[in-house]
Amino acid sequence: MAKGGKNPHAVALGRLGGKKGGLARAAKLTPEQRRTSAQKAGKASRKARIVSLTAEQRREIARKAALARWGK
């Protein structure tokens, strides 16, 4: 066994299946299901980013977004 306690051969086999998994799953989904999944992932990403920002940083981002949108 390797230092980490995992069998390197098992790890390699797992990677082979893991690499195919996402593509196979995406191929089975309808466009609406893919869109929903992508939106859910985007929301989770934004939520994680917001948690790591300070209130001042969030305000600055909102200010810049408003300027870009309305040009004021």
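I started with helix α1, residues 8-28. The helix has 21 residues and reaches 31 Å from its first C-alpha to its last, close to the 30 Å expected at 1.5 Å a residue. I note that the model is predicted.

I then checked α1 for a bend. I found one of about 30° at Gly21.

Next I looked at the N-terminal end of α1. Asn7 caps that end. One of the side-chain oxygens of Asn7 sits 2.9 Å from the backbone nitrogen of His9.

I moved on to α3, residues 55-70. I counted 16 residues in this helix. From first C-alpha to last, α3 reaches 22 Å, close to the 22 Å expected at 1.5 Å a residue. I looked just past the helix as well. Gly71 has a positive phi there, about 65°.

I searched the whole structure for salt bridges. The search gave 1. Glu60 pairs with Arg63, and the closest N and O atoms are 2.7 Å apart.

How far apart are Glu60 and Arg63 in helix α3? They are 3 residues apart, so about one helical turn separates them. Glu60 is partly exposed, at a relative accessible area of 32%. Arg63 is partly exposed too, at 43%.

Last, I read the confidence values. The chain has a mean pLDDT of 85, and 94% of its residues reach 70 or more. Where is confidence lowest, and where highest? In the chain, α1 is lowest, at a mean of 83, and α3 is highest, at 91. I keep that in mind for the bend at Gly21 in α1 and for the Glu60 to Arg63 salt bridge.

Note on methods
Residues are numbered from 1 along each chain as its sequence is written. This is a predicted model: local features need pLDDT of at least 70, side-chain atom pairs count only at pLDDT 80 or more; totals for chains, interfaces and linings use all residues. Side-chain values use heavy atoms; hydrogens and water are left out. Helices (H or I, at least four residues) and strands (E, at least two) are DSSP runs, numbered from the N terminus. The expected span of a helix is 1.5 Å times one less than its number of residues. The bend at a residue is the angle between axes fitted to the seven residues ending there and the seven starting there. A polar contact is a pair of N or O atoms within 3.5 Å; within protein, one must be able to donate a hydrogen and the other to accept it, and residues adjacent in sequence count only if both atoms are side-chain atoms. pLDDT is the predictor's confidence in each residue, from 0 to 100. A salt bridge is a side-chain nitrogen of Lys or Arg within 4 Å of a carboxyl oxygen of Asp or Glu. Buried means under 20% relative accessible area, exposed over 50%, partly exposed in between (1.4 Å probe, protein chains only).
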